[in-house]
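Please walk through the salt bridges of this protein and the surroundings of their side chains. Say also where the model should be read with caution.

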Amino acid sequence: MSYFKDPNLPRNTARRRFLGVAAAAGARFASVAAIAMAASSSPARAAGLHLGWGNGNGNSGGNGNSGGGGSSGAQCFLRGTSILTDCGEKYVEDLRIGDRVALPGGDTRAIKWVGRQVFRKGGAHWHDGLVPIRVARHALDSRTPHSDLYLSPGHALFLNGVLIRVKDLVNGTTIAPIAPHDDMTIEYYAVLLATHEVILAQGAAAETFHPSDSNRENFSNFAEYERLYAGEAREEMTSYATVLGEEGGWQHLRALLLLGASPLAPIFDPFEDACEKIDARAKELLT
């Protein structure tokens, strides 16, 4: 595509195999009860111009190499992403408060707010936490997504009944970061509902924005949120599902225990299973 640099990326060899880590812990837990208790007390949780690239003249929500919401793992869609609503698919930048987005089960939810961020390159290289990750058409299965999907690295997909951050699914081929040209901007949008949900983006199940104590403030239009919801209690929002991935092996293992796996028996790891299926799908697409 003319909008992107050719990534020419090597396969991601950093992906850890948590089953191997768990098995190699040999002896393997000093106390199963102690680990189960730790798990219950520390559950894992979520923390073209029309395709999201601007010409560098828009209002910026941050510097490409500054911290910002993109580098801290905000759940954002790149401009140009199609979101399914009760009126059909709409580009994420065209969504408005009150629009009803479709859930995978067929229900709908009203949009509470849409946050916007724009980033420019601020150094020799784009910050890894900002560069969109492309999930290629049909990378997940023979129909999903129905066209290329671009997400912020910290955005999670709903696979195997759990949430998995797209940065943890990178394989360098069908799922890979794609940096914009140096003179362009990255424009992200976050869809906030009253509850943390999964919606359909380019046909793929992806999480909505999961607010924390401060990540709303990272958006350039945060003043709008403050005006609309002044005095609102900042209560923690429950995660739609358990988050699994590479950010800490023990946290991942504790999450598996919370899902009902026994530390004394072979563990079905939804994350590993998803990775294996994506890798197998990539081989099909590339042959």
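Arginine 281 has a relative accessibility of 15% in this predicted model, so it falls under the 20% limit and counts as buried. Its side chain meets that of glutamate 284 in a salt bridge, at 2.7 Å from N to O. Glutamate 284, at 48%, is partly exposed.

Aspartate 273 is buried at 17% relative accessibility, whereas lysine 277 is partly exposed at 47%.

Phenylalanine 268 sits in the loop that joins α5 (249-258) to α6 (270-286). With 54% relative accessibility, phenylalanine 268 counts as exposed. Its C-alpha lies 8.3 Å from that of leucine 256, a residue 12 places away in sequence.

Elsewhere, lysine 90 and aspartate 99 form a salt bridge of 3.6 Å, N to O. Lysine 90 is partly exposed at 27%, and aspartate 99 is buried at 18%. Arg79, Arg116 and Glu187 are linked in a salt-bridge network. The whole structure has 9 salt bridges.

As for confidence, the mean pLDDT is 77, with 70% of residues at 70 or more. Residues 1-50 stay under 50, although the model gives them 107 contacts beyond four places in sequence. Residues 63-72 also stay under 50, with 35 such contacts.

Key. Residues are numbered from 1 along each chain as its sequence is written. This is a predicted model: local features need pLDDT of at least 70, side-chain atom pairs count only at pLDDT 80 or more; totals for chains, interfaces and linings use all residues. Side-chain values use heavy atoms; hydrogens and water are left out. Helices (H or I, at least four residues) and strands (E, at least two) are DSSP runs, numbered from the N terminus. Buried means under 20% relative accessible area, exposed over 50%, partly exposed in between (1.4 Å probe, protein chains only). pLDDT is the predictor's confidence in each residue, from 0 to 100. Contact means heavy atoms within 4.5 Å. A salt bridge is a side-chain nitrogen of Lys or Arg within 4 Å of a carboxyl oxygen of Asp or Glu.
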